[in-house]
Amino acid sequence: MTSAKTARRPHHWRRDMIELAALFTAVAVADAIANLIGHQPDGPYLLIASAVALAVTAAFHTWWARRHSHSPPPTGSGPVAEGDGVATGLGTDVAGPPAVDTPTAAGPDASPEDTALWRMRTTVRDTPGSLAALCGALARHRVDILTLQTHPLARGTVDEFLLRAPSLLQAQQLSRAISAAGGSSTWIERADTHDLVDAPTRVLSLATRTALDAAELPLALRQLLGRCTIHSLPAVSVTGRATGETAPVEGVLEETVMRLRDPSGGAITIERPYLPFTPTEFARARALVELDARLGPRVPRSRDVLTLPEGNEITVRRADGGDLEAARAMHDRCSDRTLRLRYHGPVHDADRYLDHLLSPRFGRTLAVQTASGRLVALGHLLWDGDETEVALLVEDEWQRRGIGSELLSRLVALAVEAGCESVYAVTQSSNTGMVAAMRALSLPLDYQIEEGTLVITARLDATPVRSLPPYEQAGR
């Protein structure tokens, strides 16, 4: 809104000079008329009538001047024109994101404390003016459009917005305004500052992380597509039987489910029940999977050397399928009790799980080896749909030396970096070492016990955890 100070018309001295000259001219004319009429029989009456006419004229002039010197700004500068201007501007800039801090949408008196970020997706008809109508509705509610993406469909277009809105504006009000402007199937949720990164930059960042580490593919897909459930379904089960899980090379898209061929065999299933996938999202996800397939198996090769309290040096590093034989040799050195506490089943089946556990497709594995190169411990961070599991196996001879706690704290740091809200561990109630390691994290813990099986869940959201080790920081 334009202020009263800037709305007032400027006062010019030339106008005063003209008015003063007109006054002198009027006095001279009045004197001449008085001399001419004053000597007539009705002269005094005529002079009185002239004086009254001059007084009325002066009063009218004064009222007129005051009225127009303090008039409000033209209609084109008011709120209606501001809304129209935003709609027109955004309508012509569909190919790129609009300006971030346009005063027409955010308001001149807005402050960061008074606004909130929203992500919104709505479907509009593919006709001229549809997007302009949406932008006009947002402008009338003083909503600023920070970014805009379009997802073409066979019929219509899905428009995805990142919005900065007044904090008092409710999601229901926003949804009703969009519906009145022609939007349908509208979905709205709160956003944060991480969403300010534009789509091309975010996709390139996810592609870089996937190129550095095969275990990043499920995380990259989740960050690309938002809240969704991802399952990696192997082609062969741990017992060696074919599962029949596969997908066409080009993938399959069915509304809220997409299936992609897993480069390591099997299929990757992605589900998002609350919001259908668009062909654009499907193409982006398939491109990430194709990148992973071309690069093949890979994990960061950096190592972190630590010194135990008794003085022995150990090396902590990422593990993969290349460590399968060393892991089996460690199994052979472990006691039946240690393997039973770790795998919760028959000891002779333990080796069957190693190929699955060491695959970067299903999570991340940390290995501990001695100065001589012998593998003595494994720590697993496993993607389990929407949840994340942590599991530890430490060779008997190397237990009670702090190796399990060191691995667990590093796995939790990886889970926090991956955006996990919690991690859980499944063990036996008699496994005091695992219970102590979970308690040493100093995180909120939930316990569930059923028939001797203990599930400990640690909540990670908004919890400070130490930074990643050097071998995980490289390339991030």
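H344 follows α12 and has a positive phi, near 55 degrees. The model is predicted: local features need pLDDT of at least 70, side-chain atom pairs count only at pLDDT 80 or more, and totals for chains, interfaces and linings use all residues. Numbering starts from 1 along each chain as its sequence is written, and side-chain values use heavy atoms, leaving out hydrogens and water.

**Second largest pocket**
- The second largest pocket holds about 670 Å³ of space.
- Its lining has 33 residues; D355, H356, L357, S359 and F362 lie nearest the centre.
- Two or more lining residues come from each of α10 (279–295), α12 (336–343) and α13 (350–357).
- α13 gives the most to this lining, with five residues.
- By class, the lining has 16 nonpolar, eight polar and nine charged residues. Ala, Val, Leu, Ile, Met, Phe, Trp, Tyr, Cys and Pro count as nonpolar, Asp, Glu, Lys and Arg as charged, and the others, Gly among them, as polar.

**Helix pair α8 and α9**
- The axes of α8 (residues 199–212) and α9 (residues 216–225) come within 9 Å and cross at roughly 170 degrees.
- That makes α8 roughly antiparallel to α9 (angles over 145 degrees count as such).
- In contact (heavy atoms within 4.5 Å), R202, V203, L206, R209 and T210 of α8 meet E216, L217, A220, Q223 and L224 of α9.
- The contact of α8 with α9 has five nonpolar, two polar and three charged residues.

Notes: Axes are lines fitted to C-alpha atoms, for helices over the stretch in contact, and angles run from 0 to 180 degrees between N-to-C directions. Helices (H or I, at least four residues) and strands (E, at least two) are DSSP runs, numbered from the N terminus. Angles under 35 degrees count as roughly parallel, over 145 as roughly antiparallel, 65 to 115 as roughly perpendicular and the rest as oblique. On a 1 Å grid over the protein atoms alone, a cavity is a set of points where a 1.4 Å probe fits but cannot get out, and a pocket is an open set with protein on both sides within 12 Å along at least five of seven lines; lining residues have an atom within 4 Å of a point. Grid points are joined across faces, edges and corners, and a volume is the space filled by probe spheres set on the points.
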